[in-house]
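Please look through the structure below. The explanation that follows takes up a pair of helices and then some aromatic rings.

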Amino acid sequence: MIGQDIGGLIIHLFSTFGNMVWQIFWPLAFGLILSSWIRNLLPVSSVVKHLGKTTVVSLSFTTFLGMVSSSCSYAAASLSHTLLTKKATVANAMAFLVSSTNLIVEMFIVLVALMGWTFLWGEIIGGLILIATVGFLFSRFYPKDVEQELRQHLLNAQPQKASCGMDMSEMSGDHGDCGMDMSKMKSDDSDCGMDMSKMKSDDSDCGMDMSKMKSDDSDCGMDMSKMKSDDSDCGMDMSKMKSDDHSAMKMDMATEPQSATMEKITKSAGFFQMDIAMIGKEILIGVVVSSILIALMPQDGWRDLFISNDAGLPVWLHSLLDVIIGIFVAMIAYVCSVGNLILAAALWHGGISFGGVIGFILSDVLTIPMIRVYQKYYGKRPTKWMVGLLFVAILFTGLCVDAIFNGFGWVTADQTVRALNQSGFGLNFTTVMNLIFIPISIWYYRLGKKANAGMGMSM
């Protein structure tokens with residue numbers, strides 16, 4: 001019996017995991033592909049012009065962008081990261097993040113199907129309040145020194161063009177410095193940036209032992225034993241190269257020039273591959289942990305976390321505690337902004353307040369896997385401030401929505417949960433989109449990996 005129970009539990013875990021992956025794959029792939037295209041094609045000047053300042057117009061624009069983008073939170077994080085790399089303000093990027101995970105058509109459809117029209121309007125009003133609150137908090141209270149740290153982190157993460165496999169970022173002009181730091185060189189003296197105080201006469205030997213060097217070859221003191229003739233290969237292993245035929249180099253480069261369109265696709269694919277390499281592990285961990293929690297934790301267990309209406313607490317205190325608890329539950333029980341709604345419906349009918357449900361739904365940007373993604377993108381200190389301000393904004397929004405809907409008497413406790421099949425398998429919209437995006441994303445990833453390898457970037 002015990003063996004059968006364990007076997008059934010394992011099957012249930014794998015079934016839950018498979019359903020979750022199937023549900024979120026196409027919106028995640030679509031969002032990351034869209035992010036890579038925006039990063040490659042969107043001019044920095046355009047973003048600075050529209051999103052370089054936090055205004056009502058810029059927040060409206062980011063809200064619209066969020067509504068038409070991917071519903072997957074991880075993809076939304078990637079897109080908001082892209083906006084920041086394009087010099088958008090932190091407030092505008094965060095407004096985009098919350099709008100793309102809460103004001104989306106597929107979420108509205110599921111909300112109506114599960115919980116009725118009242119929650120649809122609660123989500124819309126709550127989403128708009130959250131966007132305005134995020135815009136205000138991040139523009140007024142996000143420290144300037146923390147933002148500078150965030151910008152520097154983004155700058156350091158930008159891929160550098162590789163030359164001979166070495167860091168050429170500090171090279172100037174056409175000087176052949178073999179990829180070394182030239183920042184200390186004066187005028188045109190070829191001293192390789194080293195201490196010249198012990199050099200004799202005018203011999204240009206860089207102050208190194210020249211006893212093993214041949215004639216006048218200037219190799220900056222590198223091991224030249226494997227080099228053939230006088231070719232300058234920047235110190236790379238040339239043992240497999242044939243004479244002067246540079247076409248024989250073992251580099252993954254296209255043999256024929258690409259069309260302009262294909263060049264854009266290839267460069268965008270490189271950004272896609274780098275995103276997967278950066279956050280893929282966090283996404284996988286998040287889905288695995290969420291699968292285990294949902295498979296092992298019964299819905300009644302989640303309900304018991306909230307305070308009963310019979311506790312006798314003041315209405316405002318009951319609402320405050322429910323919203324706070326809802327945020328923390330979302331941090332550990334989240335899968336994606338749409339899949340989260342089934343648990344939200346169960347919580348509502350288990351006694352959580354209306355504001356608590358809205359706070360729970362809005363907190364999909366504060367889950368533990370998402371926080372890890374933010375740390376990868378922006379660094380630890382900027383992430384701490386982001387999480388803190390988002391928490392305050394969501395808490396304020398949940399309380400506002402609860403006060404508005406209860407104050408006007410729009411909340412009814414007798415709404416019934418409508419049946420909804422959680423399995424994504426079958427002939428439906430999700431299956432059709434996955435059949436399209438699975439082969440596209442695999443091809444796109446391999447194209448990006450090949451492009452990055454050809455530029456000497458190891459991801």
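In this predicted model, helix H4 passes helix H5 in a right-handed crossing. H4 covers residues 73–85 and H5 covers residues 90–102; their axes come within 9 Å and cross at roughly 160 degrees. Angles over 145 degrees count as roughly antiparallel, so H4 is roughly antiparallel to H5. On the H4 side, the contact is made by Ser73, Ala76, Ala77, Leu79, Ser80, Leu83 and Leu84. H5 contributes Val90, Ala93, Phe96, Leu97, Ser100 and Thr101. Of the residues in this contact of H4 with H5, nine are nonpolar, four are polar and none is charged.

The aromatic rings come next. The structure holds 13 aromatic pairs. In one of them, Trp26 and Phe429, the ring centres are 5.6 Å apart and the planes stand at 85 degrees, so the pair is edge-to-face. This pair links distant parts of the chain: Trp26 lies in helix H1 (residues 2–41) and Phe429 in helix H16 (residues 429–454), 403 residues apart. Trp26 is buried, because its relative accessible area is 15% and the limit for buried is under 20%. Phe429, at 55% relative accessibility, counts as exposed.

Trp443 and Tyr444 form an aromatic pair with 6.2 Å from centre to centre and 35 degrees between the planes, which is tilted. Trp443 has 43% relative accessibility and therefore counts as partly exposed. Tyr444 has a relative accessible area of 3%, so Tyr444 is buried.

Elsewhere, one aromatic cluster is formed by Phe119, Phe354, Phe405, Phe408 and Trp410.

Definitions and conventions
Residues are numbered from 1 along each chain as its sequence is written. This is a predicted model: local features need pLDDT of at least 70, side-chain atom pairs count only at pLDDT 80 or more; totals for chains, interfaces and linings use all residues. Side-chain values use heavy atoms; hydrogens and water are left out. Axes are lines fitted to C-alpha atoms, for helices over the stretch in contact, and angles run from 0 to 180 degrees between N-to-C directions. Helices (H or I, at least four residues) and strands (E, at least two) are DSSP runs, numbered from the N terminus. Angles under 35 degrees count as roughly parallel, over 145 as roughly antiparallel, 65 to 115 as roughly perpendicular and the rest as oblique. A crossing is left-handed if the near helix is turned anticlockwise from the far one by less than a right angle, and right-handed if clockwise. Contact means heavy atoms within 4.5 Å. Ala, Val, Leu, Ile, Met, Phe, Trp, Tyr, Cys and Pro count as nonpolar, Asp, Glu, Lys and Arg as charged, and the others, Gly among them, as polar. Rings of Phe, Tyr and Trp (its six-membered ring) pair if their centres lie within 6.5 Å; planes under 30 degrees apart count as stacked, over 60 as edge-to-face and the rest as tilted. Buried means under 20% relative accessible area, exposed over 50%, partly exposed in between (1.4 Å probe, protein chains only).
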